[in-house]
Amino acid sequence: MILNKVITTTGVGLLKYSALVVIILLLCACGDSNKLSLSQRSIIYCSEGSPETFNPQLVTSGTTIDATSHQLYDRLITYKGKENILSPALAKSWHVTKDGKKITFYLRQDVAFHQTDYFTPSRKLTADDVLFSFSRIIDKEHPYHHISGGHYPFFQSVEFGNLIEKIEKINDYTIRFQLKHADSTFLANLATDFAIILSQEYAEQLALKKKEHDIDLHPIGTGPFKLKEYHIGSFIRYYRHDDYWQDQAKIEQLVYDISPSKTSRLTKLLAKECDVSSYPIAHGKIKERQDLELDSVTALNIGYFGFNTKKAPFNNKLVRLAVSLAINKQALIDTVYQGQAEMANSIIPKSSWAYDDSIQMQEYNPIQAKALLEVAGLAQGFTMDIWAMPVQRSYNPNAVTMAKLIQADLKEIGITVNIISYEWTTFLRKLAQGEHQTFLLGWYADHPDPDNFFSPMLSCSATETGNNRTFWCNKEYDALLQQALQTNNIKKRKSYYAAAMKVINEELPLLPIAHSKRYQARDKAVKGKILADFGGISFYQVYKESPTQNPEESENEGSSNNLNVEAKH
Amino acid sequence: MLIFTLRRLNLFIFTMLVLTLLSFSLSFLFPGDPVINLSGQLNSTEQQLAVINQSYRMQDNIIWQYFAYIQHIIQGDFGLSMSSQSPVIDEIMILLPATIELSLVALLIAMFTGIPLGFIAAIKHNKTSDNIILSVAMFGYSIPVFWLGLLAILFFSIGLGWLPSAGRISLLFEIEMVTGIQFFDILMSNSPDKWQAFQDATAHIILPACVVALAPATIFVRLARASMIEVLETSYIRAVKAKGLSFQQIIFRHALRNALIKIIRHVGLQFANLVTIAMVTEVIFSWPGIGRWLIESIYQRDYTAIQSGLLVLSCFIFIVHILTDFIYAALNPLARGNKHGS
């Protein structure tokens, strides 16, 4: 009887055990394939948000640029190396006339466009494609200009339309830009993430089908990857572009796993569900792990606290100065950036060649701030709004916390602060409409030229396109920027920019807070450079190191053991 | 049997009427225009609005409106989701199979662990193993599912790195959706990485399914134990014991089947409980099922999605109940006399 009982219980146990073995078998029955497994040939990137569009010409948002610019497209010229020298890309060479007004590009003849489910190219890249890509931006009559809204924020902020006289196609592989006046940043602008080349043939086909909007939703480019599928808020799948004009990308598939929550990105990284994660939190934890790596670049960016200079009381310089004096910047950097940032004295980082060492740091002095408020006639204090951006960016990882700290600082000098936050697109729209009093925002440089900080952020023309949300327009400042652009003499340019920085620090349309570092976490097996010094990320050079032979062998042993166990049943 | 079937059908129709009535009244209870809540058409022009009003018979009295609503539902038109502006029924058809898959796997795990454990406890009635099993079951029953889910992720995904923490399958695999039940879809697809995909999907379902299974499994332990004890005390068991049958014969031939019959009914009832647990678990494990979608709809004030989602989900659970009733009746001739549904 007792023996029987034992047999029954073990019988039941064996039943369950065999179920377990089956599951284990399912999990381990790999390793015998000769070629690399799918996960070895692919990269999953946990990104922080959905791209708004697949055309970088239309946006300035970092998330969209990260997802599209270097994956799907190429530019005429590009930056190479540590010094960021302009080098050939789609254009194999170029020539600038002495007066700097005519720039001729000689294109490569072997550049193939993507072949996808929705488009099959019949020809390689020609001057027509270049002409189309730029005419779309500058020619308001162009049939594609108003598709997707007709806003080209980057190009409008650098006044591309006013700069280019005309674009001429000389022959199929030669194209010439004629400028109205010499501009030392023109080439730099052509190398940015925004100045990508679209396919004119694809645009024509879409026009025939009356589906023009598809050009920005189902993109065709020349880049190392092509779009396979996209589910908003869920994922983007890219395949390798096999006919890429340079060496093929090393991975076959690139997936953007869209995970807006910081903690879920961290969890996925730790659980190996993504290979690379954008903007990781818990740096300490990542550094602790042997199998993970934390990358960082001191990015060309600026996080700032801006004032709407068209609205009272911030139309008064004294009030702006008083508020700036009352903010403890060091505390902001320690708390919000956790010390992972450099304090900003001006809008350009110290690493830029244009930075002037004589620029003085804004000090923290609440007593003087109070005095200034009295002079401004606001001794009894007032109530103001701070608009804190709702998303995390490397230039400002947590705007709401920053707003709370500023709230506490300003309370000391009798100013009551309300913190306001909207959903991101609403936030940007309302800012562009000037509904705010003050705001926390930032700026990434698109290329290393210092003009990329000065013009888009604070020039008069940028007030209209909505990138200058302080609505500060200063004739002297604009004149300085113009002079700096017209010369190629670095020393002269530097002196103009130094003067411009002085104007900013006197007028204080915004208070520069910090230049942050951009972080990215990745699995140790993932090799190759992803983060760029400026602008968007690129997965072109990335690959996965195959694991050493030994663990695979032991895995095989393990599975054969399991087979034996099952055979015994 | 005919009367039994008719009774169940009758019950089904009336319950559905009450459910639709509730869901219909929700559109008046939610803020906003009832016809917009019903149809989900947010940015419609004057003419479109007139067409919608016409089709929902908003100009007639409320009874006609209700019938118009029923008509739409029978045609499979649940309106548009307010947040995505795509038909709710399409979204549900994609999401519901994911929830069914998770719940079924969890139910199987719960049955195959809970019921044997319960039987062992009953056979060892009042001995140490009985006490251990009972106390473990009690402990398992008291653990809140959201806490368990997070703990499982922390331990198995982050700590040990054995199992993935989110989603149904790694994004690397492209599986075309045919049935919606992912395991079938993988087997039917002609992807070269089919087996890798299958392993990956298996690895993805283990954690959420086990978390969902815990509470029902503990209930099954107690049910199985109680019913086995009851059976073992009946006189026919005593009779076969007296006839000198071996212990194994007593349990497997006589006790097991009689004890199982009593549990089968509860399996169906537990399914409702299981789906509720699955909804919370879906949120924790980012499982793309209907529970997570419903909770997101609540955040986004997507009234159309909420009311149709509730209707479909409760209808589904009700069908499962009726099905178990039928299975029970098929297995247990005594139950066929039960004319009234329960």
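**Exercise 1.** State where UniProt places the "Solute-binding protein family" domain in chain A, and describe that stretch in this predicted model.

*Solution.* Step 1: an unreviewed UniProt entry puts the domain at residues 87-462 of chain A. Step 2: over residues 87-462, chain A is 31% helix and 23% strand. Step 3: the end C-alpha atoms of this stretch are 29 Å apart.

**Exercise 2.** Characterise chain A as a whole by its secondary structure, burial and contacts.

*Solution.* Step 1: chain A contains 20 helices and 20 strands. Step 2: 55% of its 569 residues count as buried. Step 3: take the contacts in chain A between residues at least 6 apart in sequence; 69% of these join residues at least 24 apart.

**Exercise 3.** Identify the residues that touch the most other members of the largest nonpolar core, and list the contacts of Phe539(A) beyond four places in sequence.

*Solution.* Step 1: the largest nonpolar core has 149 residues, and Leu76(A), Phe134(A), Phe305(A) and Phe539(A) touch the most other members. Step 2: with neighbours within four places set aside, Phe539(A) contacts Ile43(A), Tyr45(A), Gln71(A), Phe225(A), Ile251(A), Leu254(A), Tyr256(A), Val276(A) and Ile530(A). Step 3: another core, of 105 residues, lies apart from the largest one and includes Leu38(B) and Cys315(B).

**Exercise 4.** Classify the packing of helices α5(B) and α12(B).

*Solution.* Step 1: the axes of α5 (residues 88-123) and α12 (residues 290-299) of chain B come within 8 Å and cross at roughly 130 degrees. Step 2: this angle lies between 115 and 145, so α5(B) is oblique to α12(B). Step 3: Ile290(B), Gly291(B) and Trp293(B) of α12(B) meet residues of α5(B) including Val88(B) and Glu91(B). Step 4: by class, the contact has 6 nonpolar, 2 polar and 1 charged residues.

Technical notes
Residues are numbered from 1 along each chain as its sequence is written. Chains are lettered from A and ligands numbered from 1 in the order in which they are written. This is a predicted model: local features need pLDDT of at least 70, side-chain atom pairs count only at pLDDT 80 or more; totals for chains, interfaces and linings use all residues. Side-chain values use heavy atoms; hydrogens and water are left out. A nonpolar core is a set of buried Ala, Val, Leu, Ile, Met, Phe, Trp, Tyr and Cys residues joined through side-chain atoms within 4.5 Å. Buried means under 20% relative accessible area, exposed over 50%, partly exposed in between (1.4 Å probe, protein chains only). Contact means heavy atoms within 4.5 Å. UniProt positions are given in the numbering used here, feature names are shortened, and annotations may be inferred rather than shown by experiment. Helices (H or I, at least four residues) and strands (E, at least two) are DSSP runs, numbered from the N terminus. Axes are lines fitted to C-alpha atoms, for helices over the stretch in contact, and angles run from 0 to 180 degrees between N-to-C directions. Angles under 35 degrees count as roughly parallel, over 145 as roughly antiparallel, 65 to 115 as roughly perpendicular and the rest as oblique. Ala, Val, Leu, Ile, Met, Phe, Trp, Tyr, Cys and Pro count as nonpolar, Asp, Glu, Lys and Arg as charged, and the others, Gly among them, as polar.
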